[in-house]
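Morning, everyone. Please bring up the sequence and the model, and keep both in view while I talk.

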Amino acid sequence: MSVNAGFVVRRPGGPPVTAEEIASALGLQDGPTADSCCRTTGPDGSLFSLRLTTDPGDVSGPAVGAVRDDWYVERPYDCRLNISVEQLAGDDVVPALRSCGRWATTRLHAALEGLETAFYVDIDGNYSYRVDLPGLPEAVVDLRLGSGTPPAAPGFSLAEAANRAASGTGLVFSEDEPGRHLVPAGETGDSVTYTVSYRAEELRFAAGARSAAAPVDARQLGEFTERLLTELARHTDGADLACWVNGRLYRYEVELTPPLD
């Protein structure tokens with residue numbers, strides 16, 4: 001059975017994201033233009049096929065923070081990138097696709113401002129997510145790490161890892177209870193929040209950390225989470241990281257894979 005992934009992107013309150021912007025941000029010299037295919041090598045060495053569509057009837061994604069009605073709420077997005085593996089470098093297609101999704105998330109948010117992105121692998125439907133936030137006069141950042149097993153490093157502390165990653169930002173973390181902001185999976189209103197809550201109920205190990213209030217801009221926040229994700233991937237086996245800023249889900253990554261040295 002083939003396993004594929006989907007990546008949706010929108011720019012709330014700004015001009016729609018174009019295929020050309022995505023191609024430039026991802027370094028794709030031959031596209032993709034709308035409804036065309038191109039190939040790229042992912043961070044793990046796998047060869048991926050990418051197909052992008054801007055058809056409004058085919059571009060929708062999770063309405064994060066929406067109130068549930070009869071089913072999970074969606075909203076229009078600007079572009080959808082369908083990702084499949086043409087040549088697998090490793091042994092498992094799912095980590096390869098998640099690694100590609102995280103790579104695309106990092107590249108797009110670094111190159112373009114004001115984005116909201118969501119990524120999922122179709123075999124399980126679990127969503128990763130990120131949204132750009134404007135500069136905040138004061139921010140409280142909450143973190144939750146979930147894993148099937150405790151981190152391998154003896155005495156591992158999420159707060160200490162966060163403080164190393166937050167150096168120079170003004171954010172200072174301390175340990176916190178890991179259930180903050182979580183709601184029962186059956187009461188969530190969108191697919192991203194459902195993924196966060198459902199996996200929180202399934203994963204046995206959990207740790208939480210919370211920062212004191214501090215001013216932080218969008219660039220600092222993005223760089224902080226990238227550093228933290230890289231460190232956590234080295235010490236955990238397929239862990240999830242959720243990050244809230246002032247109570248709003250800012251970033252969620254499913255099943256971190258170790259970085260390639």
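Which backbone nitrogen lies 2.9 Å from a polar atom of the side chain of Ser 211? The backbone nitrogen of Val 141 does. That is a polar contact (a pair of N or O atoms within 3.5 Å; within protein, one must be able to donate a hydrogen and the other to accept it, and residues adjacent in sequence count only if both atoms are side-chain atoms).

Some ground rules. This is a predicted model, where local features need pLDDT of at least 70, side-chain atom pairs count only at pLDDT 80 or more, and totals for chains, interfaces and linings use all residues. Residues are numbered from 1 along each chain as its sequence is written, and side-chain values use heavy atoms, with hydrogens and water left out.

Back to Ser 211. It sits in strand E12, residues 205-211. Helices (H or I, at least four residues) and strands (E, at least two) are DSSP runs, numbered from the N terminus. Ser 211 is buried, because its relative accessible area is 5% and buried means under 20% (exposed is over 50%, partly exposed in between; 1.4 Å probe, protein chains only). Leaving out residues up to four places away in sequence, Ser 211 touches residues including Ala 139, Val 141 and Phe 173. Contact means heavy atoms within 4.5 Å.

Now Val 141. Its contacts include Ser 211, Phe 224 and Val 245, again not counting residues up to four places away in sequence. Next, the cores. A nonpolar core is a set of buried Ala, Val, Leu, Ile, Met, Phe, Trp, Tyr and Cys residues joined through side-chain atoms within 4.5 Å. The largest has 46 residues, and Val 141, Leu 143, Phe 173, Phe 224 and Val 245 touch the most other members. Helix H5, residues 218-235, gives the most to this core: six residues.

On to helix H4, residues 191-202. Asp 190 caps its N-terminal end, with a side-chain oxygen 3.0 Å from the backbone nitrogen of Val 192. Val 192 is one of the buried residues of H4. Those buried residues pack against several strands, among them E14 (240-245) and E15 (248-253).

Last, E15. Five of its six residues are buried. E15 pairs with E14 in the antiparallel sense over five bridges; two strands pair if DSSP finds at least two bridges between them. Val 245 stands opposite Arg 248 in E15. The hairpin has two residues between the strands, and there Asn 246 takes a positive phi near 50°.
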